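Open the model in your viewer and follow the selections below in order.

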Amino acid sequence: MIDLRSDTVTKPCEQMRSIMAAAEVGDDVYGEDPATNKLERFAADLLGKPAALYVSSGTQSNLIALLTHCQRGDEYIVGQQAHTYRFEGGGAAVLGGIQPQPLPFQRDGSLDLEEVRQNIKPDDFHFANTRLLALENTQSGKVLAEQYIDDARRLCDDTGLSLHLDGARFFNAAIASHTEPDVLARPFDSVSICLSKGLGAPVGSILLGSEKFIQDARRWRKMLGGGMRQVGIVASAAMFALQHNRDRLIEDHTHAQLVATALREKFDGPVEQHTNMLHLTFDSETYSRLSRHLRSQDVRVERPRWVFHKDVTAAHVDHIVNAIRSFS
């Protein structure tokens, strides 16, 4: 079955599995796991940040970032459809007493910075203290413009906010924008990167920031039950993913584009392609029929967002294109 539901479905390759089996391990809570220490140093150097922290998931990484930036009764500004706000169980509010101020995304995946400015609360005890602006890159596959990120940084500098990036697909954005990772990460006070999507690691995310930020984040990780022991088995897989699977993300973007072309030719329209994602705006009846047809051809889709990843090969793409052409 060719699975286009998400890039979270990727599986470790044989080389990654062999590296996991041979990993040197220690107790990471004591800071003694060699593979984890190596991973954190490598990630910090790659993104040009002083320090990094390996955590169990992107949800935990974003939550730790919010807890580190904000106190109880503080507020963060975030997109209405942002993963940090909509798809992470309300953790910041439930566990941190942090109030979200959601705003609508623009068509390009950005937040209107003037609207952000207008929603920063005044210094008045009637209001929560606005502390943080949280952005996504990519946002539903859309890459934020470099000028926009610089403008967001200036806004935060002007208003005293910190700037966090949910970079679950950070390297898709870097590859698509031809930007070095350290340049893309530079404007942000903290960055969260998922390793178990297109990069293909089985588990884990990295949170990056200043030495003090990561020191505080490490305490929050422990409090949230995220202190892991002989975690080098999966940290070694994450290291392999960062070293070997970044540049190949362009293949996923190309595959998405090829399938988008086939859909447009077949249906004359309603498809948007952004990096490794397709967004289909078919009527529900047509999409239901297409989904059933593809399932009969061993192609698994659910919602009208198709995601391409390392386990979807060029041969798979040819098969998907032929399946689309045979739909009636």
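Select asparagine 172 and show what surrounds it beyond its neighbours within four places in sequence: it is in contact with Thr138, Leu249, His253, Thr275 and Asn276. This is a predicted model. Asparagine 172 lies in helix H8, residues 170-177. Is asparagine 172 buried or exposed? Its relative accessible area is 3%, so asparagine 172 is buried.

Which residues make the contact? From H8, select Phe171, Asn172, Ile175 and Ala176; from H12, select Leu249, Ile250 and His253. Colour this selection by class: the contact of H8 with H12 has 5 nonpolar residues, 2 polar ones and no charged ones. Two of the H12 residues shown here, Leu249 and His253, are also among the contacts of asparagine 172.

Now clear the view and turn to the cysteines. How many disulfides are there? The count is 0, with a disulfide taken as a pair of cysteine sulfur atoms within 2.5 Å. Select cysteine 70 and find the closest cysteine sulfur, which belongs to cysteine 156. The two sulfurs are 12 Å apart, so they are too far from each other for a bond. Cysteine 156 is likewise in no disulfide.

Key
Residues numbered from 1 in each chain as written. Predicted model: local features only at pLDDT ≥ 70, side-chain atom pairs only at ≥ 80, totals over all residues. Heavy atoms only, no water. Helix = DSSP H or I, 4+ residues; strand = E, 2+ residues; numbered from the N terminus. Buried < 20%, exposed > 50% of the residue type's maximum accessible area, 1.4 Å probe, protein only. Contact = heavy atoms within 4.5 Å. Nonpolar A, V, L, I, M, F, W, Y, C, P; charged D, E, K, R; others polar.
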